[in-house]
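This note sets out comments on the structure shown below. Please read the numbered points alongside the sequence and the coordinates.

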Amino acid sequence: MTWQVYAVRFAHRDASVRGEHFYGHDPCALDRFPISYYVWLAVSGDEAVLFDAGFTPETAARRGNREYLRSPMDTIRSLGVDPDVVPHVVLSHLHYDHTGHLRDFPGARIVLQERELAFWTSRHASRGEHAHLAEPGDVAYLVEQNLTGRVRLVDGVHEVAPGVTAHRLGGHTPGLQVLRVATEAGHVVLAADGSHFYENIGRDRPYAVVNHLPSMYEAFDAMRALADAEELIVPGHDPRVLDRFPAVTGLEGIAARIA
Ligand SMILES: [Zn+2]
């Protein structure tokens, strides 16, 4: 079973600098370094898998400083998929920019690594930068939905659907997972925050937000092993994804066809 894969950009922040994005000292820390925000959609016949749930316009307004381009919900509909009947939503991790639209997929089973949810309900969740990186309402919603049986908490490798597997790599957060998708071009790896930018994996330079540094390096190696070509590893926040892959007609600057 092969899938079509789309990157769907919904927000952008131009006024960000290198120093925010790379671990350790950066001699060019104040150089401009824009960041984009995406969700990803895999489609095969009537089947659909959404990878990550973005953030809402309300969250964007509250956090400020972000340009909200187009609701990912509208773009998913433009790609011919009805969010009400999407059967699978896979979450890479529980940072606020990956969890916002969970409530808009009422028919979906939500797939998440068990240790990711465990972390965000632990005594560490409120400390330091963590408090700012998650949306309390989204975490609470997941806890609630888990009690109804709608959340599938997994550990390690999990087959979401034939040809689509989730792989826990950690590093950026304790239970960060990436999604591997079989396509006609080969296996695509949707890295999400396993590699925010091409430069993270390309130059072996971890992102600034670190849970476990050795795991971040190992995640780079694991993604190379999972993808059939390095260009099929899709970073989670790089604006250049939309330059490297063809735009969907009518959705230029918003959606690209990865494979
Ligand atoms: Zn993150």
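1. Basis of the model. This is a predicted model, in which local features need pLDDT of at least 70 and side-chain atom pairs count only at pLDDT 80 or more, while totals for chains, interfaces and linings use all residues. Residues are numbered from 1 along each chain as its sequence is written, and side-chain values use heavy atoms, with hydrogens and water left out.

2. Overall fold. The chain contains eight helices and 13 strands; helices (H or I, at least four residues) and strands (E, at least two) are DSSP runs, numbered from the N terminus. The chain is as compact as a globular protein of its length, because its radius of gyration of 17 Å is close to the 18 Å that the globule rule gives for 259 residues. That radius is taken over C-alpha atoms, and the rule is 2.2 Å times the number of residues to the power 0.38. The C-alpha trace spans about 50 × 40 × 35 Å along its principal axes.

3. Of the 259 residues, 58% count as buried; buried means under 20% relative accessible area, exposed over 50%, and partly exposed in between (1.4 Å probe, protein chains only). Among contacts (heavy atoms within 4.5 Å) with a separation of 6 or more, 67% come from residues 24 or more positions apart.

4. Strand β6 and its partners. Strand β6 (residues 109-113) is mostly covered, with four of its five residues buried. Two strands pair if DSSP finds at least two bridges between them. Strand β5 (residues 88-90) pairs with β6 in the parallel sense over three bridges, and V111 is the bridge partner of V90. Strand β7 (residues 151-154) also runs parallel to β6, joined by four bridges, with I110 opposite V151. In a regular strand the side chains alternate between the two faces of the sheet.

5. The β8–β9 hairpin. Strands β8 (residues 157-161) and β9 (residues 164-168) are antiparallel, with four bridges. E159 of this pair stands opposite T165 in β9. Two residues lie between the strands of the hairpin, where G163 takes a positive phi near 95°.

6. Residue A225. Is A225 buried or exposed? A225 belongs to helix α7 (residues 213-226) and counts as exposed, because its relative accessibility is 64%. The C-alpha atoms of A225 and V189 are separated by 9.8 Å, the two residues being 36 residues apart along the chain.
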